[in-house]
Amino acid sequence: MSENLKITGIEIYKADIPFHEPFRIAIMEILCAQSVFVKIFTDKGIYGMGEANPYWRITGETQSINIAGAVDLAKLILGKDPLNIEERNKEMNKYLAFNSTIRSAFDMALYDIAGKAAGLPLYALLGGGKRSFWTDNTISIGEPEYVAKKAVDYKKQGFQAIKVKLGTTKELDVARIKSIRAAIGDKLPIRIDANQGWDFHTAVNTLKALEPFGIEYCEQPIAHWDYDNLRRVRESTTIAIMADESLFDHHDAYKLAVGGCCDYFNIKLAKSGGIHNALKINAIAEGAGIKCMVGCMTETRLGLSAAAHLVSARPNIQYADLDGYLFMKEDPIIGGAQYNIGEITITDTPGHGADVDPAFLKSCEMIAVK
Ligand code: MG
């Protein structure tokens, strides 16, 4: 039997990274990435890195809530075995209900430690293979002229799919997509995301009107809690429906699958509580014949690297929306997933392979628990 590792300390960092421009979705506006980095130390010199990037209107967590939660979670796992990820997750889930984003930072750091301890990149630790894949790039809510200009820009850069934020009025949302199609032609796939912005009738009417525009799928047309109407929206349109805010963990995945509520799942570590539960969601999806996407909030390349390894390891994850990094003015991350336009390549460095530049970390407020 191998000698277990022990968690000897946790550092919690408040990290703000500016965006090129504000990011607007139907339910909120984000001016900069307000992340929390978690660094978990062990007695064998191995440490793991995790990131939380909370979207308060979605998970109910802000950066300050995440920092407070991180201190409590750190005290909870101090002195324990980081390789028993099952137990650590059980403990964290039981102790701190909801708060999936900060729990995901700890889960991600534990997987990073496990990979480093095993000498394996995360995708191999998860029993999967290595593959490069593409992320789309997202356009914020804006005037039809603005979104068309952005779409042309993304097309010129070489992106292979464009995601457009909608969820306002039928007239404006249809005008946005019309304007984009007129500017970029028919070929490039367009994915749309209403972020719960429509009510049932607006969703049905808007999606009907958007059917001729080659929409690959629509994320979360209506309120997250309205599973029954999500199924009815799905039945009313030829556009595929992807559950996002309706899907946090594997319990939601089961209910959505049994209810026939959607065609696809959008898994985000920030909603599932990390990789451990994300794997359960994907397993339920495979059982139900549902393909997945892995999406993001607006994490740096650190959180995105963990997500990228998950995508690589599980071919049932057919789509990736890991574009948070593309919004940022700075890249404080060393190593990790590399971006060539929208093509993401992971490395064979043990763990998720990403770390934060020590100079950047030094500039962040920090709380240590030991
Ligand atoms: Mg979404």
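Predicted model: local features only at pLDDT ≥ 70, side-chain atom pairs only at ≥ 80, totals over all residues.
Colleague: What makes Asp193, Glu219 and Asp244 the protein donors of the magnesium ion?

Modeller: Donors are N, O and S atoms within 2.8 Å of the metal. Asp193 (OD), Glu219 (OE) and Asp244 (OD) lie 2.0 to 2.2 Å from the magnesium ion, and they therefore qualify as donors. Along the chain, the donors follow the spacing D-x25-E-x24-D. Aspartate 193, in strand 7 (residues 190-193), and aspartate 244, in the loop between strand 9 (241-243) and helix 10 (250-259), are 51 residues apart, and the pair links distant parts of the chain.

Colleague: Why are aspartate 193 and aspartate 244 called buried?

Modeller: Buried means under 20% relative accessible area. Aspartate 193 has a relative accessible area of 0% and is therefore buried. Aspartate 244 is likewise assigned 0% relative accessibility, so the term applies to that residue as well.

Colleague: Are cysteine 261 and cysteine 292 buried or exposed?

Modeller: The relative accessible area of cysteine 261 is 4%, and because the limit for burial is 20%, this cysteine is buried. Cysteine 292, at 0% relative accessibility, also counts as buried.

Colleague: Why does valine 258 count as exposed?

Modeller: Exposed means over 50% relative accessible area. Valine 258 has 59% relative accessibility, so the residue counts as exposed. Valine 258 has its place in helix 10. Its C-alpha atom is separated by 8.1 Å from that of alanine 288, 30 residues apart along the chain.

Colleague: What makes the span of helix 12 close to the expected one?

Modeller: Helix 12 (residues 275-288) has 14 residues, and the expectation at 1.5 Å a residue is 20 Å. Among the buried residues of helix 12 are Ile275, Leu279, Ile281 and Ala285. Helix 12 is followed by glycine 289, whose phi is positive, near 75°.

Colleague: What makes the largest cavity a cavity, and what makes the largest pocket a pocket?

Modeller: A cavity is a set of points where a 1.4 Å probe fits but cannot get out, whereas a pocket is an open set. The structure holds three cavities of 30 Å³ or more, and about 110 Å³ of space lies in the largest. Of the 15 residues lining this cavity, Phe23, Lys163, Lys165, Cys296 and Met297 lie nearest its centre. Strand 1 (7-25) and strand 6 (162-165) are the elements that give two or more residues to that lining. By class, the cavity lining has seven nonpolar, three polar and five charged residues.

The largest pocket has a volume of about 500 Å³. It is lined by 26 residues, with Phe98, Phe248, Asp249, Asp252 and Lys271 nearest its centre. Helix 3 gives the most to this lining, with four residues. By class, the pocket lining has four nonpolar, 13 polar and nine charged residues.

Terms used. Residues numbered from 1 in each chain as written. Heavy atoms only, no water. Donors = N, O, S within 2.8 Å, 3.2 Å for Na, K, Ca; no water. Buried < 20%, exposed > 50% of the residue type's maximum accessible area, 1.4 Å probe, protein only. Expected span 1.5 Å × (residues − 1). 1 Å grid on protein atoms, 1.4 Å probe; cavity = no way out; pocket = protein on both sides within 12 Å on 5 of 7 lines; lining within 4 Å. Points joined across faces, edges and corners; volume = space filled by probe spheres on them. Nonpolar A, V, L, I, M, F, W, Y, C, P; charged D, E, K, R; others polar.
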